Amino acid sequence: MDRKYWVPALERADLILTAISRKPGEHKMTDLCDETGINKSSMFSLLRTMETLQWVVKDDREAYALGAGVSYYNTVYNESLKQNTNLVERFLAGSAQSVRVIGETFQLSVLDRDEIIYLAKQEGPSLVRLESSPGMRFPAHATAMGKMMLALLPDGELIRRYSGKTLTAVTSHTLTDWAEFTAALSEIREAGYAVDREEIIQGISCVAAPILDAAGNAVAAVSTTMLQHAFADKQEAAVREVIELARKLSL
């Protein structure tokens with residue numbers, strides 16, 4: 001990361017939390033100073049703030065342990081992992097039929113800032129193997145799944161994620177003009193599905209639909225991907241199938 005945007009106070013807080021987590025209830029303030037290299041004045045202010053936020057707690061011996069605030073974040077994180085794991089399992093079970101219908105690969109992803117993260121893939125019978133393994137990231141604006149989820153962001157959130165309105169070209173087909181891009185998102189929002197025509201990989205096209213939670217928010221997206229010449233023949237069926245799969249996976 002560019003150090004220009006680095007926040008030293010957060011780095012020091014991380015050092016403190018790491019030290020406490022390794023030996024809960026054993027470190028007093030002077031011990032934390034010795035282990036982290038943070039001076040006493042800064043350490044005092046940081047610990048007081050972290051106590052107020054319930055990130056740390058101090059016992060009768062004035063030794064520190066992690067607090068309920070950190071436990072809350074951990075609980076939310078673990079719940080998120082469970083939800084993603086459950087979604088992956090349901091995707092793998094449900095997409096098998098979709099692969100049989102379309103004869104192409106289906107994928108699942110979530111949106112992270114201005115990128116998508118692949119969670120799972122159900123391979124089709126095509127001899128072409130896509131580089132989209134779980135954990136891989138791609139720029140959201142150049143992918144069907146990314147555009148689908150960006151189109152459904154709350155008002156103001158899109159511009160927050162693209163404050164400079166800068167869209168990098170991945171291929172010659174990638175939309176890079178901000179006005180054209182936002183117009184495309186409006187059409188996607190209206191249609192309920194998104195298409196990527198060689199925008200992320202030359203010669204490859206993709207169609208995606210959103211997975212919605214109970215409140216109607218897009219929590220993930222599914223897509224099917226194929227060679228451009230196959231897409232020309234299968235587009236209508238692919239759109240129907242990916243929308244139906246997304247509907248089944250939505251809550």
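This is a predicted model: local features need pLDDT of at least 70, side-chain atom pairs count only at pLDDT 80 or more; totals for chains, interfaces and linings use all residues.
**Notebook: strand β8 and its surroundings**

I started with strand β3 (residues 105-112), which pairs with β8 in the antiparallel sense over five bridges. My strands are DSSP runs of E with at least two residues, my helices are runs of H or I with at least four, and both are numbered from the N terminus. Two strands count as paired if DSSP finds at least two bridges between them.

Residues are numbered from 1 along each chain as its sequence is written, and side-chain values use heavy atoms, with hydrogens and water left out.

**Across β3 and β8.** I looked up who faces whom. Threonine 105 sits opposite threonine 225 in β8, and phenylalanine 106 sits opposite threonine 224 in β8. Glutamine 107 is also in strand β3. Is glutamine 107 buried or exposed? It counts as buried, because its relative accessibility is 2%; the cut-offs are under 20% relative accessible area for buried, over 50% for exposed and partly exposed in between, with a 1.4 Å probe and protein chains only. Its side chain makes a polar contact with the side chain of threonine 225, at 2.7 Å. For a polar contact I need a pair of N or O atoms within 3.5 Å; within protein, one must be able to donate a hydrogen and the other to accept it, and residues adjacent in sequence count only if both atoms are side-chain atoms.

Proline 210 has alanine 221 as its bridge partner in β8. The two strands make a hairpin with five residues between them, and glycine 216 in the turn has a positive phi of about 90°. I also checked cover: β8 (residues 218-227) has seven of its ten residues buried.

**The whole sheet.** I then read off the order, β5-β4-β3-β8-β7-β6, an open sheet of six strands with antiparallel pairing. β5 (137-139) and β6 (194-197) are at the edges with a single partner strand each, so one side of each has no neighbour in the sheet. The twist averages 30° from one strand to the next. Helix α8 (residues 228-249) lies across β3, β6, β7 and β8, at about 155° to β8. Axes here are lines fitted to C-alpha atoms, for helices over the stretch in contact, and angles run from 0 to 180 degrees between N-to-C directions. Contact means heavy atoms within 4.5 Å.

**Arginine 189.** This residue lies in helix α7 (residues 178-191). Arginine 189 is partly exposed, with a relative accessible area of 42%. Which residues does arginine 189 contact, leaving aside its neighbours within four places in sequence? I found Ala151 and Leu152. A polar atom of the arginine 189 side chain lies 2.6 Å from the backbone oxygen of alanine 151. I also looked at lysine 147, 42 residues from arginine 189 along the chain; their C-alpha atoms are separated by 9.5 Å.
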